[in-house]
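Reader: I would like to go through this model term by term. Please give me the cut-off each time, then the value that is set against it.

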Amino acid sequence: MRAGRALGAVAGASALLALLAGVAVTALGVRVDGSSMDPTLRPGDRILVSPGSEGRVRRFDVVLLRGGRQDSLMVKRVIGVPGDRVAILSTGGQPFQVLLQEGGAGPVRRVVAPQWDDRARRAGACCTAEGTGSARAALRTVPEGAFFYLGDNPDLSDDSRQYGWGAIDRVEGRVGLRAYPVSAAPGLGNRPVLEEYAGPRPP
């Protein structure tokens, strides 16, 4: 009898904890709308922001930021931080090559993200002095207090190419993990890497 009561108490406590966790995720989590970060984040996913990460950016992190024409809340990937030089180059065989020169010195390298391979088919170039898309590729320096950002689904993302440099002081935090759906891995994955680049270098 005592064992049965103990098991019942454990089951009740587990159910209560699950309920509280669900309430916390609903209250504190941010729901992803749109497919600009697919496949890293999908519509309906709920994400949690790392405490104390507001107003900061690190290269290749996923962040929540305020921006765009309607000052809306967006989820995007940081590509370039202050002092970096960034460009997007389009060639016949590769319509979306993101180039980065860390700190504005040293080699220009290519940003490689597996999720871009079959989601970046539209030809495009970047950047203007404001960080937006341009008719021809040009390396531009990310100014102080700003950063360059893209979506993981470039063909369906409104990002720096439309809105220009993001403002670091408008970053509400770094996305720490995916809290929902519970069947998905909590980590984000798909973090880009830098590789050597031997192609044409934009001015």
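Author: Buried means under 20% relative accessible area, exposed means over 50%, and partly exposed lies in between (1.4 Å probe, protein chains only). By that rule both phenylalanine 96 and tryptophan 116 are buried. This is a predicted model, in which local features need pLDDT of at least 70 and side-chain atom pairs count only at pLDDT 80 or more, while totals for chains, interfaces and linings use all residues. Residues are numbered from 1 along each chain as its sequence is written, and side-chain values use heavy atoms, with hydrogens and water left out.

Reader: Why is tryptophan 116 called buried?

Author: The relative accessible area of tryptophan 116 is 6%, so the residue counts as buried. Buried residues make up 42% of the 203 residues in the chain.

Reader: Where is tryptophan 116 placed, and which residues is it in contact with?

Author: Helices (H or I, at least four residues) and strands (E, at least two) are DSSP runs, numbered from the N terminus. Tryptophan 116 sits in the loop between E7 and E8. Contact means heavy atoms within 4.5 Å. Leaving aside neighbours within four places in sequence, tryptophan 116 is in contact with Ile79, Phe96, Val98, Val111, Leu150, Gly151, Asp152 and Pro154. C-alpha to C-alpha, tryptophan 116 and asparagine 190 are 9.8 Å apart in space and 74 residues apart in sequence.

Reader: What makes the rings of phenylalanine 96 and tryptophan 116 a pair, and of which kind?

Author: Rings of Phe, Tyr and Trp (its six-membered ring) pair if their centres lie within 6.5 Å; planes under 30 degrees apart count as stacked, over 60 as edge-to-face and the rest as tilted. A search of the whole structure finds three aromatic pairs. For phenylalanine 96 and tryptophan 116 the centres are 5.4 Å apart and the planes at 85°, so this pair is edge-to-face. The pair links distant parts of the chain, with phenylalanine 96 in the loop between E5 and E6 and tryptophan 116 in the loop between strand E7 (109-112) and E8, 20 residues apart.

Reader: What kind of pair do phenylalanine 147 and tyrosine 149 form?

Author: Their ring centres are 5.6 Å apart and their planes stand at 45°, so the pair is tilted. Phenylalanine 147 is buried, with a relative accessible area of 0%, and tyrosine 149 is buried at 2%.

Reader: What makes a set of residues a nonpolar core?

Author: A nonpolar core is a set of buried Ala, Val, Leu, Ile, Met, Phe, Trp, Tyr and Cys residues joined through side-chain atoms within 4.5 Å. The largest such core has 18 residues, of which Ile79, Val98, Trp116, Phe148 and Leu150 touch the most other members. Strands E5 (85-89), E6 (97-101) and E9 (146-150) each supply at least two residues of this core. The largest share, three residues, comes from E9. A second, separate core of ten residues includes Val57, Val63, Val81 and Phe147.

Reader: How do you know that E5 is covered on both faces?

Author: In a regular strand the side chains alternate between the two faces of the sheet. In E5, Arg85, Ala87 and Leu89 on one side and Val86 and Ile88 on the other are all buried. That makes five of its five residues buried.

Reader: How many bridges join E5 to E6, and how many join E5 to E8?

Author: Two strands pair if DSSP finds at least two bridges between them. Five bridges join E5 to E6, and these strands run antiparallel; alanine 87 stands opposite leucine 99 in E6. E5 and strand E8 (residues 140-141) pair in the antiparallel sense over two bridges, and arginine 85 stands opposite threonine 141 in E8.

Reader: What makes E1 and E10 edge strands?

Author: An open sheet of seven strands has the order E1-E2-E11-E3-E4-E9-E10, with antiparallel pairing. Strand E1 (30-31) and strand E10 (166-167) each pair on one side only, and these are the edge strands. Within this order, strand E3 (residues 62-67) and strand E11 (residues 171-180) pair in the antiparallel sense over three bridges, with leucine 65 opposite valine 171 in E11.
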